[in-house]
Amino acid sequence: MDIVPQLIANSLIAGSIYAILTLGFNLTYSTAKFIDIGFGVETAIGGYSVFYLCKTLGLPLYFGIFLGLFCSGLVSFLAYRFIYKPLRARKASGTVLLIASLGVLTALQALVAILFTSQFQTLSGLIQANRVFELLGGTFTAVQLSIFCTVLILSVLLAFLLKGTLFGKAITAISDDEEVAKIVGINTERVMGEVFFISGMIGGLAGILIGFDTGIEPIMGLSWLLAAVVAAIVGGIGNLYGGLVGAYLLAFAENFGIWKISGEWKMAIAFGLLIIFLVWRPRGLFPR
Amino acid sequence: MEPEAQGSGTSLIKTVLWLVVLILIVGGLIIYGKKGGEEKEASKEPIKVGVMLPLTGDGAPYGEPARNVYLLATEEINTAGGVSGQPLELIIEDSKCNGKDATSAAQKLINIDKVQIILGGFCSSESIAATPVAAAAKVALFSPGSSSPDLTGISPYFFRNYPSDASQGKVLAEAAVAKGWKKVAFLQEQTDYALGVFKAFSARFTELGGTIIKEEVPSNTIDFRSVLSKLKTANADAFFLDPQTLPVAERVFKQMQDLKWKPVLMFNDVVGGAPETLATYKDLMEGALTAEFTADPNNPKFTKLLAEYKTKYGVDLLYASSYGPTEYDAVYLIKTGIEAVGNNGEKFAVWSRTVKDWEGASGKTTIGADGDRIGGHTLKIVKDGKAEVMK
């Protein structure tokens, strides 16, 4: 049996989840200019919200997903409003913000663990039989197909938001120069809050999809975030579409890498790629 | 005036925030104070026993029920008059199923809380790392869950009432050969426990002429698809899954379904001892082999534990047939030991080797001179989502 089609399918699945996360991560990075580790926990917030609303309370799935996205967006917004914003107002350095966001991640994942225990959960029971498709010898499920489609839809939506709306122009202006944006009359604080809300929603969306595909745990955030950060750096940190390329490049490197060497080296491949880029092309494939 | 107004707005928010923090602290102190008052029933100095278990991370699904069982047993002992009149007090530390955190937990328990006996670790990695720390301080380390063969005879200060995996790996290897399997695909999580199972299995299986195709994965792996695709193409007679924790196993099973891979399965007692997982992935499991150390379901002490756990915590005890009873027994063994030789790590460790046919929820416990529980795993086969003893 040929393994290559399956490896391509696996890479596309993994890459698509990385891509969603990288989009959300790059969105806040390009505006707020710091590495928001707290973004990782939105995956758990989104996943567990749906788990609670649909599995425990038995609400309809669409409603649960909608509320789950709202919750993760809200949490991200609140983290910005009460933690990052005051720190930024005090001109805290990127390192301080990074550590603060690490605190957000740790505290919130502990909270999720207290509320829902640390047991591993999946959302897959919420949908009827997850169909398995076969294409040229590779298999993938309906959920995985929808993850792939989500990336396409999300990229188009974000492109429209950033290029076609006034709000998007404000974001672009802030990411170019926050001070100047403020001077020309953009309410930077408000836009930033909205950016955090949207990126939180994207993180929550990724968490929900992960919940349907592999399953959720309170501590899932950090490992997914690391993949997103590596993908973002490879693609050119802060560049939304570079991040997409980075995400798929990372996924292909990981999945094809372990074809010939043992699977325990998967993480090493990811971070090896990161080191190669940091040393030889620190601004990534598509620098902003 | 604009900036001024904004300034007073933020200061108002700040004041409100500080108020909330103050209320939380004061409220917390009041509640905590009350709690402390209620618990001070037995006025005598409590006997402190250290506990190490994984309360966060992938090992947490085991740590949580373990802590509940310990607290349940301690409560029973204290209501019945304590240990020679003194109440038992557990000091619980999170050892996170890894050696690094277990070492710092053990150091904290020994140096700050001055305990003589530590109950734990749960994961083998925890016990292996904490043993030298405990031995140096002459503190007894008593594990109800670590089963790595590397712990056999590791130190006179370590013992366990859970059997070594040497028997588990051996039983499964012999069963595989008896089934006529020549080639086994093996997926091992990178932990001491899982490595112990692999070593025991591979030693016996290769001795009997079999070959193993092995892949290893780190504990935090989420995406197993490509590793599984690789093992799938190996066309082995059976697939042995050797995880440390259940989340890893469930992710693997889920992804095997997605890949439409239905090999003949074998797995260690992590999966074998989890009835819910067996039921959830029923289709995948039919005919799977596992070896498990289990309590006798008709043992009255065991049924009493299950009933009391359900009453106290409102949920069924997880891993009920394997770890639950050994954990429960461990607390009572500590009571028996302290009553026999006093709260002294060195004497307690020596005493542990004399435990013979001690009746508990996990059956009759006998500890050998190497610190291992005598008696081991039985071969089981999964039928219709349930593990049954193989005849």
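Start by selecting L88(B), which sits in strand 2 (residues 88–94) of chain B; strands are DSSP runs of E, at least two residues, and helices are runs of H or I, at least four, both numbered from the N terminus. This is a predicted model, in which local features need pLDDT of at least 70, side-chain atom pairs count only at pLDDT 80 or more, and totals for chains, interfaces and linings use all residues. Residues are numbered from 1 along each chain as its sequence is written, with chains lettered from A and ligands numbered from 1 in the order in which they are written.

L88(B) counts as buried because 23 C-beta neighbours lie inside 10 Å. The cut-offs are 20 or more other C-beta atoms within 10 Å for buried, 12 or fewer for exposed, and partly exposed in between, with C-beta atoms placed from the backbone.

Next, show the contacts of L88(B), setting aside neighbours within four places in sequence: among them are P46(B), I47(B), V49(B), T74(B) and K335(B). Contact means that C-beta atoms, placed from the backbone, lie within 7 Å. Then pick P243(B), 155 residues from L88(B) along the chain; their C-alpha atoms are 35 Å apart.

Zoom out to chain B, with its 14 helices and 14 strands. The C-alpha trace spans about 75 × 70 × 40 Å along its principal axes. Of the 391 residues of chain B, 53% count as buried.

Finally, move to chain A and select helix 8 (residues 188–213). After helix 8 of chain A comes G215(A), with a positive phi near 125°.

How values were computed: Expected span 1.5 Å × (residues − 1). Contact = placed C-beta atoms within 7 Å.
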